[in-house]
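Please keep the sequence and the model in view while reading.

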Amino acid sequence: MSGDAPHILLVDDDARLSQLAARFLAEQGFRVTQAGSAAEARDKLRFLDFDLMVLDVMMPGETGLELTLGLRAERAPDMPILLLTARDTPEDIVAGFEAGADDYLGKPFDPRVLVARIRSMLRRAQPSAAPLGPLQLGQAIFDPARGELTLANAPVRLTGAELALLAALAARPHEILSREALAAALGLDDVNERAIDVQVTRLRRKIEPDPREPRFLHTVRGKGYTLKPGL
């Protein structure tokens with residue numbers, strides 16, 4: 001297998017399910033490293049680089065949500081994370097996004113859907129082929145060509161979902177983008193309004209001087225969101 005193939009870290013304490021998923025992903029051209037717990041995943045992350053993590057939520061000890069929160073605050077804030085969960089109520093899904101996940105997939109799942117989600121997430125993590133110039137957002141500057149956000153000349157870490165959201169809004173400044181359009185940009189199969197709102201809230205914390213009184217990322221009631229660059 002090519003060393004350029006995307007490297008997936010698959011974290012699940014269900015050994016049988018993990019082995020089946022790993023085998024299918026390998027057949028689809030991915031490199032796969034498995035971990036049976038959050039602690040083992042942390043050990044793998046210390047020594048190996050990964051393009052994406054597939055992470056089970058319900059694990060003994062440190063849960064998938066707790067690991068996601070920890071990684072977003074530590075060494076892997078921009079690595080795409082796909083959560084696997086048998087609990088897929090709106091509240092559970094929102095909790096995953098609030099923890100910093102980029103996508104979710106309910107158990108049991110079709111492995112072909114898992115592959116499609118992974119490929120979609122990896123595409124979103126790549127820079128746009130025809131990027132716009134940098135946008136000024138007060139003291140923050142977003143460079144779509146590099147997929148980079150800086151605040152007062154210091155880099156700001158974005159998750160894959162936050163980057164996809166900001167890139168979609170930045171590609172059409174001053175236009176209102178519906179939640180349906182933003183869900184498509186994030187690679188979500190259906191429109192979970194609360195999930196979109198959570199990502200917007202997370203992004204506002206990184207670009208707005210006061211997220212409670214947004215100057216740049218505005219809500220248009222009943223229609224969606226719009227990005228208005230400026231000083």
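The sections below treat the sheet, the helices, an aromatic pair and the salt bridges in turn.

## Basis of the report

The model is predicted: local features need pLDDT of at least 70, side-chain atom pairs count only at pLDDT 80 or more, and totals for chains, interfaces and linings use all residues. Residues are numbered from 1 along each chain as its sequence is written, and side-chain values use heavy atoms, with hydrogens and water left out.

## The sheet

Five strands form an open sheet with parallel pairing, in the order β2-β1-β3-β4-β5. Its edge strands, β2 (31–35) and β5 (103–106), each pair on one side only. On average, neighbouring strands are turned by 20° against each other, direction ignored. Strands (E, at least two residues) and helices (H or I, at least four residues) are DSSP runs numbered from the N terminus, and two strands pair if DSSP finds at least two bridges between them.

Strand β1 (residues 7–11) pairs with β2 in the parallel sense over five bridges, and four bridges join β1 to β3, again in parallel. L9 stands opposite T33 in β2 and opposite M53 in β3, while the bridge partner of I8 in β2 is V32.

Is β1 covered or open? Five of its five residues are buried, where buried means under 20% relative accessible area, exposed over 50%, and partly exposed in between (1.4 Å probe, protein chains only). H7, L9 and V11 point one way from the strand, and I8 and L10 point the other way.

## Helices around the sheet

Helix α1 (residues 15–27) lies across β1 and β2 and runs at about 170° to β2. Helix α2 (residues 38–47) packs on the sheet, touching β1, β2 and β3 (52–56), and its direction makes about 135° with that of β2. Axes are lines fitted to C-alpha atoms, for helices over the stretch in contact, and angles run from 0 to 180 degrees between N-to-C directions; contact means heavy atoms within 4.5 Å.

In helix α3 (residues 64–73), the buried residues are G64, L67, T68, G70, L71 and R72. These residues pack against α2, β3, β4 (81–85) and α4 (90–99).

## An aromatic pair

There is one aromatic pair. Rings of Phe, Tyr and Trp (its six-membered ring) pair if their centres lie within 6.5 Å; planes under 30 degrees apart count as stacked, over 60 as edge-to-face and the rest as tilted. The ring centres of F97 and Y104 are 5.8 Å apart and the planes meet at 85°, so this pair is edge-to-face. F97 is buried, with a relative accessible area of 1%, and Y104 also counts as buried, at 16%.

## Salt bridges

The count comes to 13 salt bridges, each a side-chain nitrogen of Lys or Arg within 4 Å of a carboxyl oxygen of Asp or Glu. In one of them, E62 and R42 meet at 2.9 Å, N to O. E62 lies in the loop between β3 and α3 and R42 in helix α2, so the pair ties together parts that are 20 residues apart in sequence. E62 is partly exposed at 26% relative accessible area, as is R42 at 25%.

R179 and D197 meet in a salt bridge of 3.0 Å, N to O. Because R179 lies in helix α7 (residues 179–185) and D197 in helix α8 (residues 193–207), this pair ties together parts that are 18 residues apart in sequence. D12, D56 and K107 are linked in a network of salt bridges.
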